[in-house]
Amino acid sequence: MANSKTSYVSRRAFLRGGAAAGVALAAPTFFVGKAHAATETLRIGIIPAYSFGIYWLVQDQGFAPGVDMDFSVFPSGPPAIEAMVGGSVDAITVGSVPPLAAMARNVADFREISVCGDASGLFTIVGKPGLNGLADLEGKRIAVTSGSNFDFFLGVALEQAGLEEMPLTRINMEPIDAQAALIAGAVDATVPLATSRQLIFDKLPGASMLAEGAAMPIDKRPSIMDVFMTTQQTIDAKQEALTEVVRAFHEKGVAMLREDNAEVVQRMIAWQSGIGRAGVTAAEVEPLLNGYFYFDTPEIKSVYADGILKNALRVQSEFLVENDRIRNMPDLDALVSDQIVAQL
């Protein structure tokens, strides 16, 4: 039986066996996609991770001709959620942990309407030179975004190593700030963004990989879904547009990813350049882009029908409650909505 705080489903087995007011960073003009007549505008808050970049690919390739996506870029989930609550965006791409904390506080009628990808294999814990394993973190300072997917991964990795009671100090920082703090020697370790962690090894020779999601057994790997999320009010107002972009993601975006992977890699290089990040190469992008587990249309329908997303959120919620990150379990029946996926 799987541990109560770890993954409960083999992703590859599922694929083969199933139907197979935060401040946004300025969105550059690069985000303008192929010209088309749009009947509806969706304001999307997006985080610069590759699974989320597939929504930008949908816009870039004109896969949802009835919808124009107006992107704002956020550094992480909490400020994106704040912006959605404040009404400056209609929907966001976000890791699955921050919405649980917000839902538990009854901030808004949040709905997770689709899954961008399962990112669990991409999470890592990186330490300063001289650290050889997780046990070396005893008494050390770890920079990690509190109540985030990064925080969840750190907790599960420590638990699996039998170190959950080990004394250490968590420093609450956004991922990019945490990465800079590690390079500067202000902290001893961090859980970095997959898209930029190579910079740590470039700038800090001898930095150590203390834990890696991809190296964990599939049945023990914490399931960390990246989701597409909105509010019930926005669904009621813009259901047709939301359905169109979600359909385009799973039908056309995932198909292009699988059938023309090299071209998608090139588009993701442009995506990263366009949001002002350091330049990346195909060799850097390919393993990160393809490290996610993406779902086509039959698969995403099964994710909802078989309760896979809800079970993943239950595991995370239990972890957050047991580790005093949130006071009570959020209403997962309300949070996980198949109102859009059912239309595909």
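This report walks through the cores, some helix pairs and a few single residues of one predicted model.

The model is predicted, so local features need pLDDT of at least 70, side-chain atom pairs count only at pLDDT 80 or more, and totals for chains, interfaces and linings use all residues. Residues are numbered from 1 along each chain as its sequence is written, and side-chain values use heavy atoms, with hydrogens and water left out.

## The cores

Start with the inside. A nonpolar core is a set of buried Ala, Val, Leu, Ile, Met, Phe, Trp, Tyr and Cys residues joined through side-chain atoms within 4.5 Å. Buried means under 20% relative accessible area, exposed means over 50%, and partly exposed lies in between (1.4 Å probe, protein chains only). In soluble globular proteins, nonpolar side chains tend to be buried together.

The largest nonpolar core here has 110 residues. Phe228 and Leu289 touch the most other members. Helix H8 (residues 232–259) gives the most to this core, with 10 residues. Helices (H or I, at least four residues) and strands (E, at least two) are DSSP runs, numbered from the N terminus. Another core, of 10 residues, lies apart from the largest one. Its members include Val126, Ile171, Ala181 and Leu182.

Which residues does Leu289 touch, not counting those up to four places away in sequence? They are Tyr50, Ile54, Leu257, Val264, Val265, Met268 and Tyr294. Contact means heavy atoms within 4.5 Å.

## Two helix pairs

Two packed helices are described by the angle between their axes and the distance between the axes. Axes are lines fitted to C-alpha atoms, for helices over the stretch in contact, and angles run from 0 to 180 degrees between N-to-C directions.

| Helix pair | Angle | Distance between axes |
|---|---|---|
| H9 (residues 261–274) and H10 (residues 282–289) | about 110° | 9 Å |
| H5 and H12 | about 75° | 11 Å |

H9 and H10 are therefore roughly perpendicular to each other. Angles under 35 degrees count as roughly parallel, over 145 as roughly antiparallel, 65 to 115 as roughly perpendicular and the rest as oblique. From H9, the contact uses Asn261, Val264, Val265, Gln266, Met268 and Ile269. From H10 come Ala282, Val285, Glu286 and Leu289. By class, this contact of H9 with H10 has seven nonpolar, two polar and one charged residues. Ala, Val, Leu, Ile, Met, Phe, Trp, Tyr, Cys and Pro count as nonpolar, Asp, Glu, Lys and Arg as charged, and the others, Gly among them, as polar.

H5 and H12 meet at about 75°. That makes H5 roughly perpendicular to H12. Asn149, Asp151, Phe152, Gly155 and Val156 of H5 meet Val315, Gln316 and Phe319 of H12. The residues of this contact of H5 with H12 divide into four nonpolar, three polar and one charged.

How far apart are the end C-alpha atoms of helix H12 (residues 308–322)? They are 21 Å apart, which agrees with the 21 Å that its 15 residues should span at 1.5 Å a residue. The expected span is 1.5 Å times one less than the number of residues. Buried residues in H12 include Ile308, Leu309, Ala312 and Leu313. Val315, Gln316 and Phe319 are also among the buried residues of H12. Just after H12, Asp324 takes a positive phi of about 60°.

Eight of the eight residues of H4 are buried, so H4 is largely enclosed by the rest of the structure. Val97 and Pro98 are among them. Asn106 sits in the loop between helix H4 (97–104) and strand E4 (110–118). Is Asn106 buried or exposed? Asn106 is exposed, with a relative accessible area of 66%. Its phi is near 55°, a positive value in a residue other than glycine.

Gly147 lies in the loop between strand E6 (141–143) and helix H5 (149–160). Gly147 is buried, with a relative accessible area of 17%. It touches Val97 and Pro98, not counting residues up to four places away in sequence. Gly147 and Pro78 are 69 residues apart in sequence, and their C-alpha atoms are 9.0 Å apart in space.
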